[in-house]
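Hello,

Here is the structure I said I would pass on. Please open it beside this email and follow along.

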There are 2 protein chains.
Amino acid sequence: MARKTSADSDKGDLTDWLILRFKQLISEGTLMPGHKLPSERELSMHFGVSRTSLRPVMKVLKMMGVVSQRVGDGTYLSSDASSVLSEPMEFLFLLDETSSQELVEARLMVEPALAAKAAQQATAEHRLILRQTIAEIEAASDDQFRIIEADLLFHRTIHQSADNRLFSRLFQVIHRSMMNMMMLTSQMVDRDHTLAFHQAIYEAIERRDASEAARRMRDHLVDARALLVQANRAHADERLHERIQSVSREHTAKNGLRGKVLGTTSRRRGVKSANTTKSQTR
Amino acid sequence: MARKTSADSDKGDLTDWLILRFKQLISEGTLMPGHKLPSERELSMHFGVSRTSLRPVMKVLKMMGVVSQRVGDGTYLSSDASSVLSEPMEFLFLLDETSSQELVEARLMVEPALAAKAAQQATAEHRLILRQTIAEIEAASDDQFRIIEADLLFHRTIHQSADNRLFSRLFQVIHRSMMNMMMLTSQMVDRDHTLAFHQAIYEAIERRDASEAARRMRDHLVDARALLVQANRAHADERLHERIQSVSREHTAKNGLRGKVLGTTSRRRGVKSANTTKSQTR
DNA sequence: CCGGGGCGAATGGTAGTACCATTAAAAGAG
DNA sequence: CTCTTTTAATGGTACTACCATTCGCCCCGG
């Protein structure tokens, strides 16, 4: 009912239309961060669609961190947008086969400048947090998890001091993804390295020496990049081994692997499922 | 069936679990870009879940641009990951109330460096495309749409020349969002301005003068920022007017607007829906 | 009067089924 | 062999039902 009325600029499915409506509601200010939304049943009624069609939309919003849902309670509009990029970024990195090197390369282009701005603008609060993260890394002798969290907080605080929300959000995700990748390839974070560089950066910020802060940050990331290259060389043969396994598996049964994991059983009438490799290019 | 077996590291709902499985399938290489996925019915069978539970997951993947779906045909894994960030970014900008200024600010931090790299590395193909976009802007006398598309392609080509996929993807989205915002505030793109700056940047790249390319790009964005500030001043009272309208609407019926648009009718037993403003902070 | 426990309603999560419009491949007609 | 028709499979939407969780309310006991 609500759908057929008004302009009815119908292109695409209900999902697209509903997501558009949510965007409008947010931009209008009808939906405010932290607010509780009506229940899915009510929402579906008032949008004039079934709950079946509404649910995917809520899931999309949830996965992008726009809303949070709790059974028995309800749905709330997310109060901070920091998590909006994390899931999509992970998929981007998966699809692009982005390496840790590329991420540190990107950070190298931006973070020194952010550190410079932080040196000029950092508040007492921010400097306090920086000190705390350094102390935390000192305290966590070999607890990788604690070190990483403190490391993340250190850089995040600098980004916030630089007062650039976009890069703050972005590099928080990038940094975390980097750490995840490193964990997966069983690379350890060198605590002493991290500590020394953080200390140097912090001191530069404390002295409000912008160019020195940028230089120290640059040193930090150059060092991190070097460590990554070195670690990747060490694990090169291991990954080569994996690659060979993967290829051989694909060889032994052309469609076998997909058939087992994803289960492409019978398509249409004819037997065409085997040579879909051709349509791969489109 | 497939779910109860194996490690069964159950946290969160089926959606999270399924998305995790898809990530694994992509990272394993079982799913390749461009490949056709089994039908939703088959997938739900082989994951051991109902189609009702699978569909939201496919929607999430579709909205993030990871897959594309066509009725009557099937689902395909996206061949390029460029669109993965666009939807989430839009929500991020909405929730953060990001302004065009902030976007151009971010570009100002990165794009000069990318232009410098492009000057050093740009291939003949890339330089050809740059020439073409300039010609296109010249040709499109006052067609805003054509100008914007050519503008986007110009910057995108430079990003690609700089060989940084992450920023290439990111700034493509940022640039487009900027243009959308400008269109919404009925700001026109000044064709002659754009043309002159692009010409200067292109010539620097053609001469492989990295520092000059960076400087010209910087000029371009500084100019764009100035135009935005100027345009925003001009439209300030207009937006103020809107704000007043919005506030007055909210005043006339405290819960009326939400009641009409979102329809918060009766909650639980008691009448508590009015003062949920308190829980806004959490 | 006050606090704790239980009851019940509402919520999001999942499942099953049915139907639709669209698409592409197979089957048929020329 | 080409063009048209048929047909089956696909994603899109809807309705229904049930579950476990959560929270508000009420009642009971202190």
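**The sheet in chain B**

Lys36(B) has Tyr76(B) as its bridge partner in β3(B). Keep in mind that this is a predicted model. That bridge belongs to the pairing of β1(B) with strand β3 (residues 74–77) of chain B, which is antiparallel and runs over two bridges. Step back and you see an open sheet of three strands, in the order β1-β3-β2 (chain B), with antiparallel pairing. β1 (36–37) and β2 (67–70) of chain B are the edge strands, and each pairs on one side only. A helix goes with this sheet: α3(B) lies across β2 and β3 of chain B. The angle of α3(B) to β2(B) is about 115°.

**The sheet in chain A**

Now turn to chain A. Here three strands form an open sheet, ordered β1-β3-β2 (chain A), and the pairing is antiparallel. β1 (36–37) and β2 (67–70) of chain A stand at the edges with a single partner strand each, so one side of each has no neighbour in the sheet.

Take the pairings in turn. β1(A) and β3(A) run antiparallel and are joined by two bridges. Leu37(A) stands opposite Thr75(A) in β3(A). β2(A) pairs with strand β3 (residues 74–77) of chain A over four bridges, again in the antiparallel sense. In β3(A), Tyr76(A) is the residue opposite Ser68(A).

β2(A) and β3(A) form a hairpin with three residues between the strands. Gly72(A) takes a positive phi near 80° in that hairpin. Helix α3 (residues 51–63) of chain A lies across β2 and β3 of chain A. Its direction is at about 115° to β2(A).

**Chain A as a whole**

Chain A has twelve helices and three strands. It has 282 residues, and 33% of them count as buried. Take the contacts in chain A with a separation of 6 or more: residues 24 or more positions apart account for 67% of them.

**Two helices that cross in chain A**

Look next at helix α5 (residues 100–121) and helix α7 (residues 144–161) of chain A. They pack at an angle of about 70°, with their axes 7 Å apart. That angle makes α5(A) roughly perpendicular to α7(A). The crossing of α5(A) and α7(A) is left-handed.

Which residues make the contact? From α5(A) they are Leu114(A), Ala115(A), Ala118(A) and Gln121(A). From α7(A) they are Ile158(A), His159(A) and Ser161(A). By class, the contact of α5(A) with α7(A) has four nonpolar residues, three polar ones and no charged ones.

Most residues other than glycine have a negative phi. Some residues here are worth a look on that count.

Glu97(A) is not a glycine, yet its phi is positive, at about 55°. You will find Glu97(A) in the loop between α4 (86–96) and α5 of chain A. Is Glu97(A) buried or exposed? Glu97(A) is exposed, with 12 other C-beta atoms within 10 Å.

Arg208(B) lies in the loop between α9 (191–206) and α10 (210–234) of chain B. Arg208(B) counts as partly exposed, because it has 13 C-beta neighbours inside 10 Å.

**Buried residues in chain B**

Back to helix α4 (residues 86–96) of chain B. Which of its residues are buried? They are Glu87(B), Pro88(B), Met89(B), Phe91(B), Leu92(B), Phe93(B) and Leu95(B). The buried residues of α4(B) pack against helices of both chains. From chain A the partners are α1 (14–28), α4 and α8 (165–184). From chain B they are α3 (51–63) and α8 (165–184).

Another buried residue in chain B is Phe47(B), with 21 other C-beta atoms within 10 Å. Phe47(B) is found in helix α2 (residues 40–47) of chain B. How many residues apart in sequence are Phe47(B) and Leu18(B)? The two are 29 residues apart in sequence, and 8.0 Å apart in space, C-alpha to C-alpha.

Over to you.

Best wishes

Conventions. Residues are numbered from 1 along each chain as its sequence is written. Chains are lettered from A and ligands numbered from 1 in the order in which they are written. This is a predicted model: local features need pLDDT of at least 70, side-chain atom pairs count only at pLDDT 80 or more; totals for chains, interfaces and linings use all residues. Axes are lines fitted to C-alpha atoms, for helices over the stretch in contact, and angles run from 0 to 180 degrees between N-to-C directions. Angles under 35 degrees count as roughly parallel, over 145 as roughly antiparallel, 65 to 115 as roughly perpendicular and the rest as oblique. A crossing is left-handed if the near helix is turned anticlockwise from the far one by less than a right angle, and right-handed if clockwise. Two residues are in contact if their C-beta atoms, placed from the backbone, lie within 7 Å. Ala, Val, Leu, Ile, Met, Phe, Trp, Tyr, Cys and Pro count as nonpolar, Asp, Glu, Lys and Arg as charged, and the others, Gly among them, as polar. Two strands pair if DSSP finds at least two bridges between them. A residue is buried if 20 or more other C-beta atoms lie within 10 Å of its own, exposed if 12 or fewer, and partly exposed in between; C-beta atoms are placed from the backbone.
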